[in-house]
Amino acid sequence: MDNACRSETICAIATPIGIGGIGIIKISGPDALILLQKIFRPARATSIPPPSHKLIYGWIVDPKTGNLIDEVLASYMARPRSYTGEDVVEINCHSGYAVLRRILDLVLAHGARLARPGEFTLRAFWHGRLDLSQAEAVLDLIHARSDKALEAAGKQLRKGFGEQVLRWREDVLELEAQLEAFMDFSEDLEAEDASALEAVAHHVERNVLPALRRIVDRYEQARVLREGLSMVLVGKPNVGKSSLLNALVGQERAIVTPIAGTTRDVIEDGFLVGGVWVRVLDTAGIREKPDMIESLGIERTLRSVEEADVVVWIVDQSRPLDADDDRIEEKTRHKRRLVVLNKRDCPMETNAEDLRARYGLRDAIVPLCAHDPDDIERWKRFLETEVLEDIFLGLEPAFAVNARHKECLERAVTALERAVQAARTQGLPELVSEDVRAARAALEEILGLHVDDAVLDRIFARFCIGK
């Protein structure tokens, strides 16, 4: 985004459109206060400019007609003590499409432009109110669907991760300084070359690399905390996948009929277990001779299996195992898998021993009835104790890093490993310094100290307009 755009005053509706108690119009930029004064009539005389960080009662008025549009509370937050670091105005009005749109149109007519997705947070980043990892935490906070995700995003927003990255950066900077000094005086210190480089290698191996590797290694746990656990239900038609989905989410989310092949597409919903959001996907039943539409659903089922964290293979215990079960077992054996023996209230044709004998299963096998609330609660407790605790191994990751952070950390680790190797085998401080510098650059990219516009565009395009 060019500098001209950065200096413009922007505005947006900052609350969801709909009937409700409060709607908020947000304005940020050099003309925010001027715009407010043009369309706002305070109920009582107030100082010019109005006091910062105070709510002022009054009305929004159309300057052309003098018509009152809405009774509002307006606030002015003077730079730099605002979310964006610029002058910010917020107009708290009644919610509803007509009133919000009318006030927004007035603001636009008096010189502001509509904000792009995430532009308020982007400006907070530009003005040093947030580092880039904190800006991404804002997005995680908005999308958090569980207490665990909320806690992880809040920790990152409070700069926990950013401060840790800064400490790593300072450590690496100190190494760079040592190497530069070493190269500057290398003619005087030739006898100490090997020991000095060994000291650098030792420090990196002992004090820097272990912490970076630990965060990278726990990325999957962090992803589950942030995004939720993805669990796909698979099985033959009419084994009870849709019934189990409905029972888990507590509503009739999927259509259930005795007709095989009712579910033709992937249906997604979710529920909470142990403070973690579980995304559960009901899929088309897998069988050998589906019709054309059903075949498309089966293709999507198989794609969902590849993308899922956990596959739940549902077997109807009232029916014998057959070639369709064989195909499902083959397609899912490479995944983390649980097996459910459903319809335990029906006469048994297949039991756990049959499954183990036919397929040599080592997966957990849980009998249940999808229509029994007690069975569903036991199943959820099983997920918490046997799946989530296994993923987290009793410990949650220190920080819920995202894929971008992971890629930057991996580059930093690779560069530092090269630096250690060069220090011990080649004895060339120039090569060691180059790798240490590359590691620092990767860490700085996490914070946004050196990041190009394409990366920023990709990050902030995921935000909604108004944030």
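Is Glu407 buried, partly exposed or exposed? Select Glu407 to find out: with 35% relative accessibility, it counts as partly exposed. Keep in mind as you click around that this is a predicted model.

A salt bridge links Arg411 to Glu407, with 2.7 Å between the closest N and O atoms. Color helix α15 (residues 403-425) and you'll find both partners in it, four residues apart, about one turn of the helix.

For a network, select Arg169, Glu170, Glu176, Arg437, Arg440 and Glu444: salt bridges with shared partners join these residues into one network. Across the structure there are 37 salt bridges.

Next stop, helix α14 (residues 373-392), where Arg378 and Asp375 sit three residues apart, separated by about one helical turn. These two form a salt bridge as well, and the closest N and O atoms are 2.2 Å apart. Here Arg378 is partly exposed at 43%, while Asp375 is buried at 3%.

Then jump to Arg113 and Glu119, another salt bridge, its closest N and O atoms 2.6 Å apart. Arg113 counts as buried at 17% relative accessibility, and Glu119 is buried at 1%.

Last, the cysteines. Finish on Cys408, buried with a relative accessible area of 0%.

Note on methods
Residues numbered from 1 in each chain as written. Predicted model: local features only at pLDDT ≥ 70, side-chain atom pairs only at ≥ 80, totals over all residues. Heavy atoms only, no water. Buried < 20%, exposed > 50% of the residue type's maximum accessible area, 1.4 Å probe, protein only. Salt bridge = Lys/Arg side-chain N within 4 Å of Asp/Glu carboxyl O. Helix = DSSP H or I, 4+ residues; strand = E, 2+ residues; numbered from the N terminus.
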